[in-house]
Amino acid sequence: MSKVIIIGEGKIADEIYLYLINDSEHEIIAFSADKDYISNKTKFNLPVVPFEKIEEIYSPNEYKVIVAIGYQQINGLRTKKYQEAKQKGYGFISYVSSRASNLGNIKIGENCIILENNTINTTAKIGDNVILWCGNHIGHHSVIENNCFLAGQVVVSGVTKISANCFIGVNATIGHQITIGEKNIIGARTLITKNTKDNSVYI
């Protein structure tokens with residue numbers, strides 16, 4: 001169990017707070033956001049503190065963080081805050097739902113959020129700062145690299161790599177032995193059967 005500050009103040013932060021208090025042993029202490037974007041001084045009766053001064057209020061030696069920000073800027077904003085929190089000296093928790101299937105007990109990277117009904121095959125790999133929303137299938141020997149967001153009901157077939165900083169929309173299907181290039185946006189219900197190029201959009 002850790003004392004945790006949630007970095008983020010939007011809808012994703014709301015969700016992760018409720019998941020953590022209902023399905024983990026962590027103690028949520030506060031929220032944090034950039035001072036110019038703080039709309040309320042409290043959230044769920046907890047303080048919302050400026051990220052610029054977070055380490056002055058909550059020492060990195062005593063508290064951990066989780067960055068609960070969505071896929072804005074192709075995950076760029078979440079990645080930026082993750083890196084900045086690391087530079088401030090914070091450690092991270094990851095949240096894996098008790099209703100997700102990780103029978104191989106594969107190692108999950110830091111600052112990951114994996115919600116219910118995700119099925120992760122025993123030979124898959126999950127990097128850092130990854131969000132798997134509800135109900136995805138991560139196939140055998142597949143790799144989800146750092147800073148990705150899978151929106152839900154996504155099928156990643158076996159021996160497939162999702163490169164860093166990708167967003168994959170609801171109900172997309174990625175075929176067997178495919179490499180998705182870095183910073184891709186794969187639209188909802190899109191079927192991918194060939195390798196994709198970096199910095200591309202597929203719908």
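Trainee: Which ring does the charged end of K43 sit over?

Mentor: In this predicted model, the charged end of K43 sits over the ring of F31, at 5.9 Å from the ring centre. The cut-off for such a contact is 6 Å from the ring centre, with the charge within 35 degrees of the ring normal. K88 gives another case: its charged end sits over the ring of F51, 5.0 Å from the centre.

Trainee: How should I read a pair of rings, and how many aromatic pairs are in the whole structure?

Mentor: A ring pair is described by the distance between the centres and the angle between the planes. The search of the whole structure gives 10 aromatic pairs. One of them joins Y58 and Y63, with centres 5.1 Å apart and planes at 75°. Planes over 60 degrees apart count as edge-to-face, and the pair of Y58 and Y63 is edge-to-face.

Trainee: Are Y58 and Y63 buried or exposed?

Mentor: Y58 has a relative accessibility of 11%, so it counts as buried. Y63 is buried as well, at 14%. The cut-off for buried is under 20%.

Trainee: Which residues form one aromatic cluster?

Mentor: The cluster is made of Y71, W133, F149 and F167.

Trainee: What is the general idea of a salt bridge, and how many salt bridges are counted here?

Mentor: Side chains of opposite charge can pair when their charged atoms come close. The count for this model is seven salt bridges. In one of them, K81 pairs with D34, and the closest N and O atoms are 2.8 Å apart. K81 belongs to helix 3 (residues 76-87), while D34 is in the loop between strand 2 (27-33) and strand 3, so the bridge ties together parts 47 residues apart in sequence. K81 counts as buried, because its relative accessibility is 6%.

Trainee: Which residues are linked with K81 in a network of salt bridges?

Mentor: The network links D34, K80, K81 and E84.

Trainee: K88 came up over a ring. Which residue does K88 meet in a salt bridge?

Mentor: The partner of K88 is E55, at 2.9 Å from N to O. K88 is in the loop between helix 3 and strand 6 (91-92) and E55 is in helix 2 (residues 54-57), so this pair ties together parts 33 residues apart in sequence. K88 is partly exposed, with 22% relative accessibility. E55 is also partly exposed, with a relative accessible area of 29%.

Trainee: What does the salt bridge of K161 and E145 look like?

Mentor: The side chains of K161 and E145 meet at 3.9 Å, N to O. The cut-off is within 4 Å. K161 lies in strand 16 (residues 161-162), and E145 lies in the loop between strand 13 (143-144) and strand 14 (149-150), so the parts tied together are 16 residues apart in sequence. K161 is partly exposed at 32%, and E145 is partly exposed at 25%.

Trainee: Which residues make the nonpolar surface patch of about 240 Å²?

Mentor: That patch is made by L18, I21 and F44. F44 is placed in the loop between strand 3 (42-43) and strand 4 (46-50). With 34% relative accessibility, F44 counts as partly exposed.

Trainee: Where does a positive phi occur in a residue that is not a glycine?

Mentor: N117 has a positive phi of about 65°. Its place is the loop between strand 8 (113-114) and strand 9 (119-120), and N117 counts as exposed at 52% relative accessibility. Q153 is another case, with phi near 60°. Q153 is found in the loop between strand 14 and strand 15 (155-156), and its relative accessible area of 45% makes it partly exposed.

Trainee: How far apart are V170 and G152 in sequence and in space?

Mentor: V170 and G152 are 18 residues apart in sequence, and their C-alpha atoms are 5.0 Å apart in space. V170 lies in the loop between strand 17 (167-168) and strand 18 (173-174), and V170 is partly exposed at 36% relative accessibility.

Trainee: What does the chain as a whole contain, and how compact is it?

Mentor: The chain has three helices and 22 strands. Its radius of gyration is 17 Å, close to the 17 Å given by the globule rule for 203 residues, so the chain is as compact as a globular protein of that length. Along the principal axes, the C-alpha atoms fill a box of roughly 50 × 35 × 25 Å. Of the 203 residues, 50% count as buried.

Conventions
Residues numbered from 1 in each chain as written. Predicted model: local features only at pLDDT ≥ 70, side-chain atom pairs only at ≥ 80, totals over all residues. Heavy atoms only, no water. Phe/Tyr/Trp six-rings, centres within 6.5 Å; stacked < 30°, edge-to-face > 60°. Buried < 20%, exposed > 50% of the residue type's maximum accessible area, 1.4 Å probe, protein only. Patch = residues over 30% accessible without salt bridge, like charges linked within 9 Å, V, L, I, M, F, W, Y side chains within 5 Å. Areas by Shrake-Rupley, 256 points an atom, 1.4 Å probe, with all protein chains shown as cover. Helix = DSSP H or I, 4+ residues; strand = E, 2+ residues; numbered from the N terminus. Rg over C-alpha atoms; globule rule 2.2 N^0.38 Å.
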